[in-house]
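Visitor: I have a structure to go through with you. Please keep it brisk, and take the questions one at a time.

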Amino acid sequence: MTPALAPQRLTGPLRAPHNGFQQAPGSIHNDEVASKLGFKGGTVPGSVHMDQFVPMLLQLYGPAWFETGDISLHFTQATVDREEVRAVVDPGEPRARLQMFNQAGQQVCIGTASPRARDEASEVARRLADQAEADPGRLRVYADIRAGDVTSDIPMKVSRESYDAALGRITERLPIYDEKGVLSPAHVVRLAHMSRPFVLAKSKQPYVGLFGALEVRHLAGPLFAERDYVGRTIMRKLTESPKTENAWYDVDIADAATGRDVASVTFMIRAMKASSPLWS
């Protein structure tokens, strides 16, 4: 009997993602702010890198991926404006393995994707489960936030006008985005990120935060621009590293008209200790 051939690796082209948030004051995407924290420049949001995997995920799973599929990334190195990166997908069951590398071969992120959410062994789910809870007495930026905190009834919407403008910068501009207004994974993150002022309302300002990990789960997608959604959140865990305090939380997104959950996003937001006067 001839052994079955292993699925072949899919390798995308080099792309040069744009940092569209360079002018944001006090942001990790700003060159001056990022440089003071030891980065080589203002960082490209990790969510932007998600879109580079989509053509290969559609090759594996078809358009149904926008309905029930997921993508889960842990970021290992930040990139700067126009820095060239390449997405790589290793097919497998029940999930594909994802990586991204810069031109020097350094890993930018690692992750998983599957045709059906929720994947309890996704990259982010596995890392979340493995992380030890921070000693509450050690936290300063997130000192007043607790696992189990919830928020609800958060209005969310990506306007078609702003989406069309953003598509001019996207690395993989698919016809389904232009023709139907389907939100790319990065823009599902953008939608869910509208909850941040609510879920992290008790964090102690000022500090600089950045995405450490992201997971997008389509439950009854796709999601669309110019549609009203409602978000609710739950804080899953607070963790700590020598350089960061980390808030892990879920944002569940429901269609405002039907009340039906259509997607869910997990964030890990790193608060840079060096950016906070509480750690100086």
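This is a predicted model: local features need pLDDT of at least 70, side-chain atom pairs count only at pLDDT 80 or more; totals for chains, interfaces and linings use all residues.

Visitor: Over how many bridges do strand 7 and strand 10 pair?

Guide: Strand 7 covers residues 209-218. Its pairing with strand 10 is antiparallel. The count of bridges is 9.

Visitor: What is the order of the strands in the open sheet?

Guide: The open sheet has 10 strands, with antiparallel pairing. Strand 1 (10-11) and strand 6 (150-156) stand at its edges. Each has a single partner strand, so one side of each is left without a neighbour in the sheet. The order is 1-3-4-5-2-7-10-9-8-6.

Visitor: Which residue stands opposite Ala247 in strand 10?

Guide: Strand 9 and strand 10 are antiparallel, with 11 bridges. They form a hairpin with 5 residues between them, and Gly259 in the turn has a positive phi of about 80°. Opposite Ala247 stands Ile269.

Visitor: Which residue stands opposite Ala254 of strand 9?

Guide: Strand 8 (residues 229-240) pairs with strand 9 in the antiparallel sense over 11 bridges. These two strands form a hairpin with 3 residues between them. The residue opposite Ala254 is Val230.

Visitor: How many of the 12 residues of strand 9 are buried?

Guide: Take the two directions in turn. Thr244, Asn246, Trp248, Asp250, Asp252 and Ala254 point one way, and all are buried. Glu245, Ala247, Tyr249, Val251, Ile253 and Asp255 point the other way, and these are buried too. Strand 9 is therefore largely enclosed by the rest of the structure, and its buried count is 12 of the 12.

Visitor: How far from Glu245 is the nearest side chain of opposite charge?

Guide: Glu245 is found in strand 9 (residues 244-255). Glu245 is buried yet has no salt bridge. The cut-off for a salt bridge is 4 Å. The nearest side chain of opposite charge belongs to Arg140, at 5.9 Å.

Visitor: Which side chain makes a polar contact with the side chain of Glu245?

Guide: One reach of the Glu245 side chain is to backbone: the nitrogen of Tyr142, at 2.9 Å. The residues Glu245 touches include Leu139, Val141, Thr239 and Lys273. The side-chain partner, at 2.8 Å, is Trp279.

Visitor: Is Ser184 buried or exposed?

Guide: Ser184 lies in the loop between helix 7 (175-180) and helix 8. It touches Asp51, Tyr163, Ile170 and Tyr177. Its relative accessibility is 0%, so Ser184 counts as buried.

Key: Residues are numbered from 1 along each chain as its sequence is written. Side-chain values use heavy atoms; hydrogens and water are left out. Helices (H or I, at least four residues) and strands (E, at least two) are DSSP runs, numbered from the N terminus. Buried means under 20% relative accessible area, exposed over 50%, partly exposed in between (1.4 Å probe, protein chains only). Contact means heavy atoms within 4.5 Å. Lys and Arg count as positive and Asp and Glu as negative; His and the chain ends are not counted. A polar contact is a pair of N or O atoms within 3.5 Å; within protein, one must be able to donate a hydrogen and the other to accept it, and residues adjacent in sequence count only if both atoms are side-chain atoms. Two strands pair if DSSP finds at least two bridges between them. Lists of a residue's contacts leave out its neighbours within four places in sequence.
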